[in-house]
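Dear colleague,

I am passing on the structure we spoke about, with the sequence alongside. My notes on what was found follow below it.

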Amino acid sequence: MESKDAKADPRVDIARKNLRMAAALKDMNLSEVSRQAGMSRNGLSQFISGRTTLSYANMLRVCDVLGVPISLVHRADAITEAKIRLHRTLERLPDHLTQRALEIAREETGGAH
């Protein structure tokens with residue numbers, strides 16, 4: 001059963017939507033994501049349908065399986081194919097190139113973060 005706090009927090013619904021999107025972008029069904037995350041076969045499906053919550057540890061494992069930073073899961077419209085590709089690219093860059101990419105992005109957007 002879901003707690004009252006989880007139902008009241010809109011970030012939980014955003015996380016549900018984003019995890020569904022991330023699984024689709026990875027071309028994985030929810031049962032497969034659950035299995036690879038070490039959860040019960042229907043664990044993620046039950047969370048996404050609103051029947052249960054996920055522990056933080058399970059959320060971390062699901063994010064690892066999907067290759068999604070947990071910091072994006074609760075943000076509206078944060079999970080898109082382009083944003084996930086960008087995150088993966090930035091993860092592979094050495095720090096000096098990441099810094100240079102940020103400088104260029106700031107220049108291109110007029111200093112916006």
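**Helix H8 and what follows**

Helix H8, which covers residues 95-108, has 14 residues and reaches 20 Å from its first C-alpha to its last, close to the 20 Å expected at 1.5 Å a residue. After H8 comes Gly110, whose phi is positive, near 75 degrees. Please bear in mind throughout that this is a predicted model.

**The protein overall**

The secondary structure comes to 8 helices and 0 strands, so that the pattern read along the sequence is α-α-α-α-α-α-α-α. The C-alpha trace spans about 50 × 30 × 20 Å along its principal axes, and of the 113 residues 29% count as buried. Among contacts between residues at least 6 apart in sequence, 51% join residues at least 24 apart.

In soluble globular proteins, nonpolar side chains tend to be buried together. Here the largest nonpolar core has 24 residues, and those with the most contacts inside it are Leu19, Val33, Leu44, Phe47, Val62 and Leu66. The elements that give two or more residues to this core are helices H2 (10-25), H4 (43-48), H5 (56-66) and H6 (70-73). Leaving aside residues up to four places away in sequence, Leu66 touches Leu19, Ala22, Ala23, Lys26, Met28, Val33 and Arg88.

**Surface and charge**

The protein exposes about 7500 Å², of which carbon and sulfur atoms supply 53%. There are 18 positive and 14 negative side chains, and the centres of these two sets lie 6 Å apart.

With best wishes

Conventions:
Residues numbered from 1 in each chain as written. Predicted model: local features only at pLDDT ≥ 70, side-chain atom pairs only at ≥ 80, totals over all residues. Heavy atoms only, no water. Helix = DSSP H or I, 4+ residues; strand = E, 2+ residues; numbered from the N terminus. Buried < 20%, exposed > 50% of the residue type's maximum accessible area, 1.4 Å probe, protein only. Contact = heavy atoms within 4.5 Å. Areas by Shrake-Rupley, 256 points an atom, 1.4 Å probe, with all protein chains shown as cover. Lys, Arg positive; Asp, Glu negative; His and termini not counted. Charge placed at Lys NZ, Arg CZ, Asp CG, Glu CD. Expected span 1.5 Å × (residues − 1). Core = buried A, V, L, I, M, F, W, Y, C linked by side-chain atoms within 4.5 Å.
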